[in-house]
Amino acid sequence: MIIVDFHSHVLPNMDDGSTSTSESIQMLKEMKGQGVDKVIFSSHFYPSSEPMDYFLERREKRFDELKNCINNNSIPEIYLGSEVAYFKGISKVENLKDLCIEGTNYILIEMPFMVWKSFVIEELYDIVEDYNIIPILAHIECFFEFGNKKAIKKLAKDGFIMQSNASFFLGKDSKTALSLLEEGVISVVGSDSHNLTTRKPNLGLAIEVIKNKNEKLLAKLFDNNQKIMNGAKKRI
Ligand SMILES: [Fe+2]
């Protein structure tokens, strides 16, 4: 059984996450201490701020810098990915695969913080149909307040992957988080950790909550993790 952190901003100086290699290494050690086996570096990609090639080059460079500073084994396995902010025309980007979790057909997408118009949802279906890439929608609980819960449930039913942050399981809405996991709406969890203070690694704590609720639920989560990570390219 493997624990995968599907959402993190550990890679230094890429976005509003970690600001140094030493902070990143501390975050990784903390994750390992919480029982995390694999972590995906999902740095923000904002297509309006930089071209994709530039982002990918920058990600590679930052990863090399971090790798050169890692000198022991007490960290989780590392995988590269991205958190792509939805933009109109995303389904027309031919090299979208480059933003997937490396070696897989899964891409983490941050949806707009508003009611999702029908053309936005249609683009998600187009991504699957045209490129055989499956969107993982980031921190879905952030979109309930905009009235997107019904759309989220329909998307989950149609095979899209819904990711929740660990904090959803740890806060006042923990019961809702657990029942959405039970219903199969939420498939994967991530820390969305940015640093060691205000948004720190906390996936291990959410795993405890899930385990205490129902061991079978935890097994289901592990199955989902396994399925998505099958074939993923390990960097460390
Ligand atoms: Fe994020």
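Helices (H or I, at least four residues) and strands (E, at least two) are taken as DSSP runs and numbered from the N terminus. The structure is a predicted model, in which local features need pLDDT of at least 70 and side-chain atom pairs count only at pLDDT 80 or more, whereas totals for chains, interfaces and linings use all residues. Residue numbers start from 1 along each chain as its sequence is written.

The loop between strand 5 (134-137) and helix 4 (149-157) contains Glu-141. A residue is termed buried if 20 or more other C-beta atoms lie within 10 Å of its own, exposed if 12 or fewer, and partly exposed in between, with C-beta atoms placed from the backbone. Glu-141 is buried because 21 other C-beta atoms lie within 10 Å. Two residues are in contact if their C-beta atoms, placed from the backbone, lie within 7 Å. With residues up to four places away in sequence not counted, Ser-164, Asn-165 and Phe-168 are touched by Glu-141. Between Glu-141 and Tyr-79, 62 residues apart in sequence, the C-alpha to C-alpha separation is 24 Å. His-139 also lies in the loop between strand 5 and helix 4. The phi of His-139 is positive, at about 25°, although this residue is not a glycine. His-139 has 20 other C-beta atoms within 10 Å and is therefore buried.

Strand 5 itself includes Ile-134. Ile-134 has 17 C-beta neighbours inside 10 Å and so counts as partly exposed. Its contacts, not counting residues up to four places away in sequence, are Asn-105, Tyr-106, Val-128, Phe-160 and Ile-161. The C-alpha atoms of Ile-134 and Glu-123 are 12 Å apart in space, the two residues being 11 residues apart in sequence. A nonpolar core is defined as a set of buried Ala, Val, Leu, Ile, Met, Phe, Trp, Tyr and Cys residues joined through C-beta atoms within 7 Å. The largest nonpolar core has 60 residues, of which Ile-107, Ile-109, Ile-136, Leu-137 and Leu-203 touch the most other members. Leu-137 touches Ile-109, Met-111, Leu-155, Phe-160, Met-162 and Gln-163, not counting residues up to four places away in sequence.

Three further loop positions were examined. Gly-17 occupies the loop between strand 1 (4-5) and helix 1, and counts as buried because it has 24 C-beta neighbours inside 10 Å. Apart from neighbours within four places in sequence, the contacts of Gly-17 are His-9, Val-10, Leu-11, His-194 and Asn-195. Although Gly-17 and Asn-195 are 178 residues apart along the chain, their C-alpha atoms are separated by 6.0 Å. Asp-192 is located in the loop between strand 7 (188-190) and helix 7. Asp-192 has a positive phi of about 50° without being a glycine, and is buried because 26 other C-beta atoms lie within 10 Å. Asn-71, by contrast, lies in the loop between helix 2 and strand 3 (77-85) and counts as exposed because it has 6 C-beta neighbours inside 10 Å. A C-alpha separation of 36 Å is found between Asn-71 and Ile-140, which are 69 residues apart along the chain.

Axes are lines fitted to C-alpha atoms, for helices over the stretch in contact, and angles run from 0 to 180 degrees between N-to-C directions. Angles under 35 degrees count as roughly parallel, over 145 as roughly antiparallel, 65 to 115 as roughly perpendicular and the rest as oblique. The axes of helix 1 (residues 21-33) and helix 2 (residues 52-69) are 10 Å apart, and the helices pack at an angle of about 70°. Helix 1 and helix 2 are therefore roughly perpendicular to each other. In this contact, Thr-21, Ser-24 and Ile-25 of helix 1 meet Glu-65, Leu-66 and Cys-69 of helix 2.

For helix 7 (residues 203-213) and helix 8 (residues 215-229), the axes come within 5 Å and cross at roughly 130°. Helix 7 is therefore oblique to helix 8. Here Ile-210, Lys-211 and Lys-213 in helix 7 meet Glu-215, Leu-217, Leu-218 and Leu-221 in helix 8.
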